[in-house]
Amino acid sequence: MASSSRVFGNYCRTLMAASKSSAAAPAPATATATEKPRYKGILKPLPISPALGKFVGTSEISRTGAVKKVWDYIKTNNLQNPANKKEINCDDKLKTIFAGKDKVGFLEIAKLLSNHFHKAS
C-alpha cells in the first residue's frame, strides 16, 4: 500500500508540474462589442403572444425574463396571499396572461406562461 501511494504521489506531482509549465497557453477568445451574444435554451429571446407582449412591453423575451417580469409585477402590487405565500391573487392585468384564473400557485406561473411562447421553427 505504501508503494502505491508513492507511485500515485509522484504521478500527481508530475501532472501538477506539467500544468504549471503550460501556463503560456493563449487566452481564450472573448466576444467583441460588435458580436451579438448567442443565447440558448430558456435564455433565448422568443416571439410571444400579443397578450404577454402587452404585459411585458416587448414582442420578444426569454422565458426567464418573462417570469422575472411577472414576479416583479406581483411583488410591486403585493399580490401574494399573506396567509399562503405560495398563492398569487390575480388582478385584471394578470388574468389576461393566466387564462382568467383568480388564484394561481407560484409553481403554475411558468406553465401558464409557456402557452404564450411561440414554438421556434
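Q: Why is glutamate 108 called partly exposed?
A: Its relative accessibility is 28%, and because buried means under 20% relative accessible area and exposed over 50%, with partly exposed in between (1.4 Å probe, protein chains only), glutamate 108 counts as partly exposed. This is a predicted model, in which local features need pLDDT of at least 70 and side-chain atom pairs count only at pLDDT 80 or more, while totals for chains, interfaces and linings use all residues. Residues are numbered from 1 along each chain as its sequence is written, and side-chain values use heavy atoms, with hydrogens and water left out.

Q: What makes the pair of lysine 101 and glutamate 108 a salt bridge?
A: The term requires a side-chain nitrogen of Lys or Arg within 4 Å of a carboxyl oxygen of Asp or Glu, and the N to O distance here is 3.0 Å, so the pair meets the definition. Lysine 101, at a relative accessible area of 32%, is partly exposed.

Q: Which parts does the salt bridge of lysine 103 and glutamate 87 tie together?
A: The side chains of lysine 103 and glutamate 87 meet at 3.7 Å, N to O. Lysine 103 lies in strand 4 (residues 103–105) and glutamate 87 in strand 3, so the pair ties together parts that are 16 residues apart in sequence; strands are DSSP runs of E with at least two residues, and helices runs of H or I with at least four, numbered from the N terminus.

Q: How do you know that the span of helix 3 agrees with its 14 residues?
A: The expected span is 1.5 Å times one less than the number of residues, which for helix 3 (residues 63–76) should be 20 Å, and its end C-alpha atoms are 20 Å apart.
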